[in-house]
Every structure is written in structure tokens, then in C-alpha cells.
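Thanks for coming. I will go through one model today, from its overall layout down to a few side chains. Please have a look at it first.

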Amino acid sequence: MEEIIRLKPYFSHTIWGGSRLREEFGYPEPGEDIGECWGISAHPNGDDTVVGGAFDGQKLSSLWDSHRELFGNLEGDRFPLLVKIIDAKADLSIQVHPDDAYAGEHENGSLGKTECWYVLDCPEDGRLVVGHNAQTAEELREMIAQGRWKDFLREIPVRPGDFIQIDPGTVHAIKGGVMVLETQQSSDITYRVYDYDRLQNGKPRPLHLSQSLDVITVPARSVQDTIVHAQHTPENQLFTLCSGRYYTVSKLVVRDLCSVETHAPFLNFTVYSGSGMLNGTPVRKGDHLILTSAVHQLRMTGSFEAIVSHV
Ligand code: ZN
């Protein structure tokens, strides 16, 4: 059975995107507004293509449908996760995602969106919006209706190596200059709460205030419960950043020689720095791979770092 599936990412162009995905990750994508690299995705809005091997040219969604053995014969009508690299040259809109129950009912049977971020790079004063300061539903409505964004939004300072879990119902936004690797449920449902009054093609992008008020959690979860400072993690082993209902996400720092066992049905594997070898295959920064159920042991050499996830 095929051990390693290599994927060609889909790119999304946005008003807040930049050119770092091309310049620093080497993706051959033109444009100065590249916001997102969907590195591991079978979502209909950006279904990745397999490169090389027995399944060359196939879409990941069709591989999921026709070769479920690669994914440990997991059940489910769609590939469950989506891994992105996000380059926020400017601030992303303030947004919130629904959970499975709300999305299923109001968004055509879509999944909800639980997501998490590993901060790859950011300026000295890098910041993210995570949560808000309203204490009651009443206060939440007032602050939004009156546009008291400075009082409402909870901004936190971040550094490269910070990891943040974003549950559905959490008001959040990536601020300009921050680059993150996002692991999420395979969903594309976003409710925009505030867009800094920006214009796109001369018009403001739509807001989704009533849906946002339906799904925002009040009061917000404490920041301490959602952040892991993962700058200095042990080398040559999978270091778990979070493990929950939808995914387990780990950081892997490979130095010289490394061997790791896995019992997961499959692993999403994104290299975000360095280069080396993985089970006889060269890997380097920017590579997005799926290690299939045929892989029980990861044998690695070189010097590289990766974010690894599974369901
Ligand atoms: Zn989000």
C-alpha cells in the first residue's frame, strides 16, 4: 500500500493576503494577495491534488471516497480535517464559527469549525484576537451594536511557537504580520462580526451579525485555557499540543536521527522549516503529506520541524 501521499495545495487570494507564501515557502503561486495555502484539504472549495505515486493527479476527496483503506477505513462522508498556512499581511476580519449542530441546521449540513493555530512567525509586537470582554449576552449585543470594538475585543500578544485552540463560538482574528499553521475541521463556514470598515471592489464585505450573536460564547473562555507556549519542546518525538474531539495536533522537531511509532489511522504532516528524509522520501519546508495507514513507524533524518495531526 502507498505510504506517503504528497499534495499540491490550493491557494486562496484575499484582501488581507501577501506574498510570503511564495517568497518564504517557495510555492509557485503568483499574486500579492495570497492569503491561504490549503495544504491538506478535500474541501469542495479547495480540493487538493495528489502529486506523484500511484494516485498522481487524483483529488484528495476522490481518494477518500475510493481508497478508504489508506485512511484506516475510517467512517465519514468527507475527509475530516483541513490544514492551512495563513499569511496575514493585514488584519483578518473579526469572526466566529458555528459548531456542528448549528452549522448542520443552518448551513446545509456543513460541519462546524473547530480550529487551532501554531504561530510560525510574527513581528515583535505580534497579536491575535482571541475572545471578547462582554460578560453577558446583553452586554455582547450592546458592544457590537454600538461598535465598541476596542472595549469588546480581547487581544493577546503572541510569539512564534505559541499554539492557540479556537473553539466554535470564540470571537477571533489573525492580526497583520502573523503567519500561522491552522489545523481545523474540514469546514468553510465563517460568520464575519466586524471588518474594520474595509472595502473590497468598492464595497464592504458582508457581515453576519445575527448568526454571530447566535453562536458567540458568553463569557469567553479564559486565555490561559486556550494557549500553549510551545517554543521549546523535546526533540525527536511527537509533542502533543492538543488532543480533543476532532483532532490531535503535535509538534515534531527532528534533529539528526529520529524514529517515531504511530497507531493513528493516518497522519497529516506539514513541514514548516528545514529539510530531511522521511521513510526514504525527501521532505522540506512547505511540503504537505499524508502518511497513510500503511505507516507504523516514521524514520527520519535531517533537521526539520513539522506539525502533525490526526483524528
Ligand atoms: Zn477562524
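The C-alpha centres of domain 1 and domain 2 lie 23 Å apart. Domain 1 covers 9-49 + 56-229, and domain 2 covers 238-310; these bounds come from an automatic or database domain assignment. Across the boundary, 32 residues of domain 1 are in contact with 23 residues of domain 2, where contact means heavy atoms within 4.5 Å.

A word on the source. This is a predicted model, in which local features need pLDDT of at least 70 and side-chain atom pairs count only at pLDDT 80 or more, while totals for chains, interfaces and linings use all residues. Residues are numbered from 1 along each chain as its sequence is written, and side-chain values use heavy atoms, with hydrogens and water left out.

Now the sheet. Seven strands form an open sheet in the order β2-β3-β7-β14-β9-β12-β16, and the pairing is antiparallel. Strands here are DSSP runs of E with at least two residues, numbered from the N terminus, and two of them pair if DSSP finds at least two bridges between them. At the edges are β2 (10-18) and β16 (227-229), each of which pairs on one side only. On average, neighbouring strands of this sheet are turned by 20° against each other, direction ignored; the axes are lines fitted to C-alpha atoms, and angles between N-to-C directions run from 0 to 180 degrees.

Inside the sheet, β7 (residues 81-87) and β14 (residues 179-185) pair in the antiparallel sense over 7 bridges. Ile85 has Leu181 in β14 as its bridge partner.

On to the aromatics. How many aromatic pairs does the structure hold? There are 14 aromatic pairs. Rings of Phe, Tyr and Trp (its six-membered ring) pair if their centres lie within 6.5 Å; planes under 30 degrees apart are stacked, over 60 edge-to-face, and the rest tilted. Phe25 and Tyr27 have ring centres 6.1 Å apart and planes at 5°, so this pair is stacked. Both Phe25 and Tyr27 are buried, meaning under 20% relative accessible area, with exposed over 50% and partly exposed in between (1.4 Å probe, protein chains only).

Lys285 lies over the face of Phe25, at 4.6 Å from the ring centre. The criterion is NZ of Lys or CZ of Arg within 6 Å of the ring centre and within 35 degrees of the ring normal.

Finally, Trp64, Phe71, Phe79 and Phe266 form one aromatic cluster. Trp64 is buried at a relative accessible area of 1%, and Phe71 is buried at 1% relative accessibility.

Technical notes
Helix = DSSP H or I, 4+ residues; strand = E, 2+ residues; numbered from the N terminus.
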